[in-house]
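Here is a friendly briefing to read alongside the structure. Keep the viewer open as you go through the topics below.

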Amino acid sequence: MGLLSYSVFVFLVLQLLTNFLLVNCCFCSVAALNTMIDYWNLRGKLNISGVDPCTQNAKWSSENANPRVACDCSGNTCHITHLKIYALDISGVIPSELFVLKQLVDLSLGINNLTGQVPQELGNLTKLISLSFSSNNFFGQLPASLGNLTSLQQLYIDSSGVSGPIPQEFSNLRSLKILWASDNRFTGKIPDFFGTFTEFKDLRLQGTLLEGPIPSSFSNLDKLEDLRIGDLTGNDSSLDFLQSQTSLSILILRNSRITGQIPDQLGKFPKLQHLDLSFNKLTGQIPASFQDFASLQYLYLGNNNLSGELPANILNSKLMALDVSFNPLLIGNLPPTNGGLSINVVGTSINTKGLEGSQTSGLLQCLQADSKCSNNKIPSSSFSVKCGGPGQTSAAGVKYDDDSDSLGSASLHTSSNNLWAVSNNGYFISNPNGPNFITQTDSQITGTLDSELYKTARISPSSLRYYGLGLKNGRYNVELHFAEIQMDDSVSWKGLGRRLFDVYIQEEKVLQDFNIQKEAGGSKTALIKTFEANVTNTIMDIHFFWAGKGTCCIPYQATYGPLVSAIHVSQVSAGSSKSDKKQVGRIVGIVAGSKDSQKSQHSEDGVLPCAAGSYIFSLGYRLIYGTKVKSRVKIEL
């Protein structure tokens, strides 16, 4: 074959190959995709070696496929436009080959174990409409280059590990409709430019380190359907921005330092089903317009400074839960209720005659009313609760009372012996198991002789409180028993779940961002935390509180919030309270040195790092220090 003929042959082969690649998938994109498949060890789930990934109707291209690769072949050239690798245990940094896929419009990498910093090259994928890298282990700030993604409509970055201020360049993302950014260590103020994102339908900013106030520019967001902001520090906010958001179905502004009165127009939002304004500083009366809600099912107004009487017809047929607890200035009679409604009015002056648990509810009015708690029974010196399960006796001979009754989404239940009560506030939105506030396991619990004690537990999406009733005044040991029985500690994606919550005893924070699994050394492992506290008004108040942190949906939807297995409280014998303490002391004086960024709106108390292995707990006007020893913590109040 002559040189000319050979050259023509090579040209024709290259032309055919070029045409093939143009009609099918770009060679460089296919090569990059295959490199990523091998890097993440996904060949067993997505084997496209020697196969055109853009093959029509391929099994990996369907909308429900995982992993998923889908293409757009509407022109002469096919382009990879969709890549989903969701909860498939991929790990390591994001490989550079990903950024070859410049035609991507949908990239989902959520619930994996990706590490490193979020690559700035993601900002080069400017055709992206949806981007998800939630529930991973990234660190550092979000790259400013993500502001280049001006076509982006959906951004899911919750629990991704990122931190620092939200970049100013994000102000370019005006096409955003959905932003999930909860459970990240974002700092600084809530960006005012969010108020220019007029396409917003769903915004979630809970459990961050962001500061208020909520920008007044949020009044422009009249397409919002789901708004969840919580756990803010810094300056106070108001509800003045709520003006024309009549498409809202879920509004959660819990623990957000909100002051002032509830606007009357809020009661005229026709689609609102879930309203949570609890743990704020709201004043004034509950608007009369609240009795006109067309769709409201869950209403949480507890832990504010509301006053006056409940609107006469607020307990309509659609309402399923009402929490107005710990508003000491609320008065009057409870309006007639529908049969399926759960109500919590603890810590108010509302007459609860005829309501289940009304005697206990009246007794607990004294918790925030500066009055002496009345007690018509012989004072007790202990109580023990098997949280979420049947009564039993431990190996040490402690008899734990049954606590297996169902609780509602805003409820108070009193034990049959009247020694204790339990209240729950909150509703697990999108819970596949329905409104269930008990969890259980059949697995054995390690690290204890009382495995059965830990196989059931009470859980709550917001606030869970146990009250000891009619106790003798004095000093008490408080034993809190925990075991993480919902979340795994496996090496798979199911082990990525993190449960974080706070614990208060007698209104003082004793545990902050408490992670059962981490402290116990694994899941399904028993852990006991021990404290001391004073009873001065016959009541012991133990409060488990979710501050918006931790994952929400691993291993399944609505897996978050406080969890407790058992409680044992007993009076300290005279002269015995200091016998087993190690490096525990007390300094009486004015509290100083706590930073605003370390305080919760729920309580002005902080947990501040001290010397190695120690913590400072600021309690009222006392400065307490204690040493953490294995799983037992002693605090002298």
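## A pair of facing residues, and what surrounds them

Gln261 stands opposite Thr283, a residue of β19. Please keep in mind that you are looking at a predicted model. The pair belongs to the contact between β17 and strand β19 (residues 281–285), which run in the parallel sense and share 3 bridges.

**The parallel sheet**

- β17 and β19 belong to an open sheet of 4 strands, ordered β17-β19-β21-β23, with parallel pairing.
- Its edge strands are β17 (259–261) and β23 (329–331), and each of them pairs on one side only.
- From one strand to the next, the twist averages 20 degrees.

**The antiparallel sheet**

- Another open sheet has 6 strands in the order β28-β29-β32-β37-β34-β35, and here the pairing is antiparallel.
- β28 (410–414) and β35 (508–514) are at the edges with a single partner strand each, so one side of each has no neighbour in the sheet.
- Direction ignored, neighbouring strands of this sheet are turned by 10 degrees against each other on average.

- If you are thinking about volumes, the second largest pocket comes to about 920 Å³.
- Its lining consists of 43 residues, and those nearest the centre of the pocket are Asp158, Trp180, Arg204, Cys552 and Cys553.
- Several strands contribute to this lining: β2 (79–84), β4 (106–108), β6 (130–132), β8 (154–156) and β18 (274–276) each supply at least two residues.

**The chain as a whole**

- The secondary structure of the chain comprises 4 helices and 44 strands.
- Of the 637 residues in the chain, 56% are buried.
- Among contacts with a separation of 6 or more, 58% are between residues 24 or more positions apart.
- The chain has an accessible surface of about 26600 Å², and carbon and sulfur atoms account for 50% of that surface.

Key. Residues are numbered from 1 along each chain as its sequence is written. This is a predicted model: local features need pLDDT of at least 70, side-chain atom pairs count only at pLDDT 80 or more; totals for chains, interfaces and linings use all residues. Side-chain values use heavy atoms; hydrogens and water are left out. Buried means under 20% relative accessible area, exposed over 50%, partly exposed in between (1.4 Å probe, protein chains only). Contact means heavy atoms within 4.5 Å. Accessible areas come from the Shrake-Rupley method with a 1.4 Å probe; for residues, only the protein chains shown count as cover. Two strands pair if DSSP finds at least two bridges between them. Axes are lines fitted to C-alpha atoms, for helices over the stretch in contact, and angles run from 0 to 180 degrees between N-to-C directions. On a 1 Å grid over the protein atoms alone, a cavity is a set of points where a 1.4 Å probe fits but cannot get out, and a pocket is an open set with protein on both sides within 12 Å along at least five of seven lines; lining residues have an atom within 4 Å of a point. Grid points are joined across faces, edges and corners, and a volume is the space filled by probe spheres set on the points.
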